[in-house]
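Subject: Structure handed over, with findings

Dear colleague,

Please find below the structure that I am handing over to you. My findings follow it, arranged by topic.

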Amino acid sequence: MAKFVLEVNKLTKKYGERAAVDNVSFEIIEGEIFGLIGPNGAGKTTIIKMITGLATPTNGEIYIDGISLKKHFEKAISRLGGIIENPDLYSYMTGMENLKFFASLYPNITQEKIDSVVKLVGMEKRINDRVRNYSLGMKQRVGIAQALLHDPKILILDEPTNGLDPNGIRDMRKFLIGLSRKKHISILVSSHILSEMEQLCDTVAIIDGGKILQIKTLEQIKRGLQEGQKVCIKVDYPNYAGKLVILKYKIPVSLAGKTIMFNMEDSKIPEVTTMLMKEGISIYGINTITKTLEEVFTEMLEQQHNKGQIR
Amino acid sequence: MFKLFKAELKKIFLKPSIFVVTGLIIAMLAVSTFVYKPDTRTDYAKSYGSYETVNEYYERFINTEESIGKKRSDERVNLAINYVNQYANGENAVETLINDWRAVEALFNTTGNSDYVGLYSNWESATNAAQKASLKNDLATKRQQLLTAIQNFKAKYEELSSKDQTSFLVTKSLDDVIIKEHFFKIQSIFDNASGKTDPDGFIINELTTYKAFALVFNDLNQLLPFIPAESVINEFKTTKIVDEVEVENEESPIVIAKNKLDALFDTIYEFNESKKLESESKPQDKAQIVEYFNEYYSISNYLYIVVSNGIKVSALSKYTAMNISVYKNYDGANFYELKETYTKYRFLLDNGLYEYNFAEPFSVTQPSNLEINGFDYSYFALRLCTFFITIYVVVLAAGTIAGEQSAGTLKLLAIRPFGRSKLLRAKILATLAIGAILIFVSSLASMVVGLVTYGLNFTNILVVFNASSAFVLNPLVLYFIAMLTMFVEVMFYAILSVFISTVFKSNIAAVAISILLFFVSLIINVVAVNVPLLGLIPFVNVNFFKYFGSSFLQNTGTIFQMILTPSVFSGSTFWSSFILYSLTFTIILVITHVIFKKRDIK
């Protein structure tokens with residue numbers, strides 16, 4: 001059993017002089033939900049196309065479950081399932097006929113297996129209707145079904161929530177988390193909807209201009225956000241209170257009316273309030289402001305822009 | 001890969017278009033039963049009228065000048081003999097013609113003192129008055145000689161070019177009006193020259209244009225090594241075909257045929273003598289004598305065809321198709337058809353098959369026998385169905401990559417445990433398989449309808465393959481061959497369309513261009529039959545059934561008939577087509593694989 005379900009090493013795709021994907025590397029372990037986040041045109045879809053063999057890399061290696069995609073394409077690709085961009089199926093066939101067609105391309109996928117996958121995605125009622133009569137959500141579900149027929153180790157989803165309503169998005173999220181936790185299927189998702197990714201992924205890679213800017217687990221990000229958390233305390237003597245905080249913690253404090261503001265994580269807040277009260281300061285209100293992933297992300301992009309690293 | 005192939009094939013059956021094409025085939029079968037109206041065969045119209053006695057038939061045979069009389073039959077034999085002699089004489093005549101022109105050239109010649117130009121320059125440079133006068137006399141004499149030589153030449157040339165049998169030896173450029181005019185111009189200069197003080201200035205000017213003449217006549221020189229026909233001439237040659245005189249070549253087909261005819265005539269005479277006195281003849285006797293007459297006619301007719309075509313084939317085989325078109329009366333000559341006709345009748349003559357007991361190969365314009373039979377209809381219906389099947393397969397093939405790319409399903413196919421090559425191969429095979437299935441089913445259905453409407457006639461068919469081998473086939477076998485060749489044709493258009501499908505990303509573009517190419521191909525096949533170089537284009541080398549007896553097929557008729565029954569290009573052979581087809585097919589296949597393997601899928 002290979003260490004990583006997916007390993008991408010120095011992956012590059014050049015169109016002439018322009019590099020759409022530039023030296024991208026990352027790994028995904030079993031059962032991990034890995035997100036590729038970036039604005040439109042960042043290169044997410046190109047990376048995914050290279051992983052699925054739809055496009056040939058100019059440089060770099062891809063290993064699926066330890067098997068080289070270039071050298072043993074057929075073996076490697078059989079460990080992978082996916083939907084790229086829209087869930088396109090054969091519209092003149094029914095959902096079941098579509099699934100049977102894809103099932104027939106693999107050895108040993110029984111009718112029971114097909115039925116179980118249909119059940120898994122919740123399409124039992126409409127599976128025998130023609131695909132041209134499906135809504136987008138149904139197509140999504142059958143799309144995922146065809147990706148799961150052959151028990152892949154990793155599921156690749158490119159913008160899976162495209163066009164879904166909030167309920168659909170939530171259902172999809174629950175479903176994907178269930179897959180990864182219960183069936184230990186790794187999932188690679190790409191999206192530009194950060195709020196969603198926040199709730200879904202274990203790890204995210206932030207991509208822009210074809211390059212990976214950062215890879216962090218969600219834990220790390222949350223901690224980071226925590227570290228960037230702003231605490232606002234409304235007091236009777238803001239100047240005095242502010243000086244006390246500065247003296248003790250050596251961090252910058254800003255004032256706004258009667259409120260003092262400074263960065264502090266949750267665990268340290270009781271300590272501060274106790275200290276202030278000891279010194280005779282009255283506290284009228286405490287609240288915290290955490291940055292959202294979106295803000296962090298935007299800031300990150302701006303930094304890069306300013307560094308001139310993004311064209 | 002077999003799994004993928006089966007899956008792809010199943011997909012095609014699930015597409016709604018399969019119903020469309022099946023409906024079209026059924027419709028075509030129905031329509032064709034009404035539309036099928038071939039020309040009736042009029043050869044071997046055995047109408048000797050209905051006479052009361054055998055003797056009356058005999059008298060008609062001897063005395064009548066109509067098409068099926070002994071006289072006319074004998075005429076054909078004599079024509080054959082004359083053809084041989086005139087051809088041989090024609091060779092000599094051309095040689096003489098060339099020598100005559102050489103004589104004219106010599107008189108004009110620009111070197112030496114005794115020729116015209118030499119004399120003239122001497123006259124120019126002469127200072128002595130007496131010398132000048134003497135030279136002027138010489139010039140005048142020379143001028144007269146020249147005039148006579150040219151007149152002789154002209155006369156021979158005109159005589160030669162008026163003869164039909166040797167006209168193929170005369171290039172068209174000799175007949176060129178400008179050059180003829182030039183001849184007359186020189187003549188008129190000489191006519192006007194006598195009596196004038198310095199007429200020679202005109203002549204000198206003419207010398208520059210005379211050189212252009214010489215170039216034209218070099219063409220004639222090419223005719224000199226016209227020896228190839230010699231072996232054929234020797235085979236046919238007889239010095240005299242007169243009853244008592246011994247002949248040069250006992251094994252010549254002419255002699256053998258003549259002997260057979262004589263023997264046959266004796267038989268007819270004796271038969272008539274034995275039945276002469278009856279006031280009415282029995283039907284079987286009438287039939288018998290008619291049979292004799294037909295045999296008589298066949299032998300002489302076949303002989304003429306064999307001799308004339310044999311000589312033409314042998315003579316023309318030295319020339320490329322382009323050169324042949326230069327010769328007068330050979331503008332439209334199709335070398336393949338000449339050879340095929342020769343082979344066919346030579347086969348019949350050599351094997352003593354004088355009676356009409358073979359059917360002709362299938363065509364859409366005429367029945368294979370004297371009466372329409374199921375096989376003729378079936379071939380017609382099958383050809384019609386295949387036309388639509390080809391269009392269907394072309395559309396399928398054009399959509400197999402481009403269509404799935406446009407629809408977005410290609411992505412889902414590409415991330416399966418098959419490489420690009422396997423995927424492409426499976427798709428190609430599935431497309432070809434559907435074509436094969438449809439053609440096979442159509443051919444069965446056509447045969448059933450043919451059986452029901454006309455009945456099947458199993459008279460053996462005389463086939464000439466590749467213009468060089470004649471043999472006899474069961475019509476069922478030929479029908480099967482027809483079916484195979486139609487599949488081969490479809491296969492070509494399919495692979496071409498798959499190639500286009502791989503190159504173009506949009507389904508509409510791929511389908512439109514593929515269909516366009518198909519129709520362009522049809523047009524080229526019809527329109528350009530006698531343009532020799534076009535015979536190298538792959539499009540005109542995809543129909544192989546035409547090598548099984550195309551000259552039998554009258555390619556006249558409606559455009560529709562011409563589309564369904566193309567002719568062989570002059571100069572093409574089965575093997576040249578085979579090589580061109582295979583090469584083109586392989587190259588397209590390889591390029592398609594290479595392109596598909598490399599490209600990104602959107």
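Into which domains is chain A divided? The division gives domain 1, covering residues 6-217, and domain 2, covering residues 229-289. Taken over C-alpha atoms, the centres of domain 1 and domain 2 of chain A are separated by 47 Å. Please bear in mind throughout that this is a predicted model.

The sheet of chain A

Chain A contains an open sheet formed by 6 strands, with mixed pairing. The strands follow the order β6-β7-β8-β3-β9-β10. At the edges are β6 and β10 (211-217) of chain A, each of which pairs on one side only. On average, and with direction ignored, neighbouring strands of this sheet are turned by 15° against each other.

Helix α6 (residues 166-182) of chain A lies across β3 and β8 of chain A, and runs at about 150° to β8(A).

The contact between the chains

How many residues does each chain bring to the contact? Chain A supplies 24 residues and chain B supplies 20 residues. On the side of chain A that touches chain B, the elements giving two or more residues are α2 (73-77), β6 (80-83) and α3 (95-103) of chain A. Of these, α2(A) gives the most, with 3 residues. The edge strand β6(A) is thus also listed among the elements of this side. By residue class, the side of chain A that touches chain B divides into 12 nonpolar, 8 polar and 4 charged residues.

Chain B

Among the contacts in chain B between residues at least 6 apart in sequence, 78% join residues that are at least 24 apart.

Yours sincerely,

A colleague

Technical notes: Residues are numbered from 1 along each chain as its sequence is written. Chains are lettered from A and ligands numbered from 1 in the order in which they are written. This is a predicted model: local features need pLDDT of at least 70, side-chain atom pairs count only at pLDDT 80 or more; totals for chains, interfaces and linings use all residues. Domain bounds come from an automatic or database domain assignment. Two residues are in contact if their C-beta atoms, placed from the backbone, lie within 7 Å. Helices (H or I, at least four residues) and strands (E, at least two) are DSSP runs, numbered from the N terminus. Ala, Val, Leu, Ile, Met, Phe, Trp, Tyr, Cys and Pro count as nonpolar, Asp, Glu, Lys and Arg as charged, and the others, Gly among them, as polar. Two strands pair if DSSP finds at least two bridges between them. Axes are lines fitted to C-alpha atoms, for helices over the stretch in contact, and angles run from 0 to 180 degrees between N-to-C directions.
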